[in-house]
Amino acid sequence: RYVESLKAGIGGLDLSGMKVVVDAGNGSGYEAGPRVFRELGAEVIVIGAEPDGRNINEGCGSLYGDMAGRAVLAHSADFGVSLDGDADRLTLSGPDGKVVNGDRVMAICALGLKTEGKLRRNSMVATVMSNLGLDEAMQANGISVHRAGVGDKHVLERMQAEGLCFGGENSGHLIFSDHSTTGDGIMSALQICRMMKRSGKSLTELAGVMREYPSTLLNLPVREKPPIEALPKLQAMIAGAERAFGNAGRQLIRYSGTESKIRVLVEHEDAAEVDSWIAKFKQVIAEEIG
C-alpha cells in the first residue's frame, strides 16, 4: 500500500530509460525503495539492502553518499539515491559520482515546484544552517526563503504558520506537505526524478542553479553553557562580525542541544574571511567559556 501511495502521489511518473542506484542504508527502505523505482520503469542497482538488525547505516546510506556515487560511476547510472536508516531523508549523487549538497537539492525542488505553479506563495522554508547561496539563488528566481530552527519539526511548524508547501534541511530532510507532513526520502527522490524528466536535465545540471558561499562549522567542547548573550567579549565580536560582513556573509553561534559543545558557523563570499573569523571566535570562546 505504501508503494502504491508513492506512485499515486507522484502522478504517473514514467522512469523508463533511467538507471538509478539505490542505497537503502540497510534500513527500513530496503524493500520499498528499490521496488518503487522498478515499478515506475527504472533500471535499479541496489546496495545497502541486506539488513540484519545490526548493520543499519553501517558504512552505507545517506551518511556515506560516496558509496552510491561509486556505484553510479561503475554502472554509468543517471544518479544515486542514498537513504538513511529510517528512510526519512536522503543524499543524492550525480552522474559524475559526486554528492549533491542538500541546499542544492532544496533549490532544485523549489524551482521545480515554482515552474509547475505548485510552490505556494512562491516561498520555501530552510533552517538557519542552510547556505547563503540558497537565499541568493532563490531571490534571483523570485522565491522567498523563510528560516526556521534546526530540526524538521521546526521546518514543518514554520511551513504551517506561513501556509507553505515545501521546506527542508540541508541534511536531506525534505517536506512536501501536499503529500506528507514528515520527511520521506523515497518520495523526495521521486520528486527529483520528476523534475529531471520534466526539464530534460541531469541532476548535476539542475544543481548548478546556486553557488555555495565558503563556510566552516566549528564544534568546540565546553565545560558549561552560560547564556551566549551574557558573554560580553563574544557579544562584541558577534556585533563586529555583523558590521564587517554586511550582506557578504553571516555567523551563527549556538550550543548543541545534546552535547557539551558550542557550534560556530561562519559563511562569507571570501574564504579568507571565513578562516579569519573562525580563528577569532575560537579564541574568544576559549577565553570566556574554556
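Two exercises on this predicted model follow.

**Exercise 1.** Determine the strand order of the open sheet formed by three strands, and state which helix packs on the sheet.

*Solution.* 
1. The order is 10-12-11, with antiparallel pairing.
2. Strand 10 (215-221) and strand 11 (249-255) are the edge strands, since each pairs on one side only.
3. From one strand to the next, the twist averages 10°.
4. Strand 12 (residues 261-268) is joined to strand 10 by seven bridges; L218 has V264 of strand 12 as its bridge partner.
5. Helix 9 (residues 232-245) packs on the sheet and touches strand 11 and strand 12. The direction of helix 9 makes about 155° with that of strand 11.

**Exercise 2.** Classify the ring pairs that link F245, W277 and F281 into a cluster.

*Solution.* 
1. A pair of aromatic rings is described by the distance of the centres and the angle of the planes.
2. For F245 and W277, the values are 5.6 Å centre to centre and 80° between the planes. Planes over 60 degrees apart count as edge-to-face, so this pair is edge-to-face.
3. F245 lies in helix 9 and W277 in helix 10 (residues 271-288), 32 residues apart, and the pair thus links distant parts of the chain.
4. The ring centres of W277 and F281 are 6.0 Å apart and the planes are at 40°, so this pair is tilted.
5. W277 and F281 are separated by about one helical turn because they are four residues apart in helix 10.
6. Both F245 and W277 are buried, and F281 is buried as well.
7. Over the ring of W277 sits the charged end of K280, 4.1 Å from the ring centre.

Terms used. Residues numbered from 1 in each chain as written. Predicted model: local features only at pLDDT ≥ 70, side-chain atom pairs only at ≥ 80, totals over all residues. Heavy atoms only, no water. Pairing = 2+ DSSP bridges. Helix = DSSP H or I, 4+ residues; strand = E, 2+ residues; numbered from the N terminus. Axes fitted to C-alpha atoms, helices over the stretch in contact; angles between N-to-C directions. Contact = heavy atoms within 4.5 Å. Phe/Tyr/Trp six-rings, centres within 6.5 Å; stacked < 30°, edge-to-face > 60°. Buried < 20%, exposed > 50% of the residue type's maximum accessible area, 1.4 Å probe, protein only. Lys NZ or Arg CZ within 6 Å of the ring centre and 35° of its normal.
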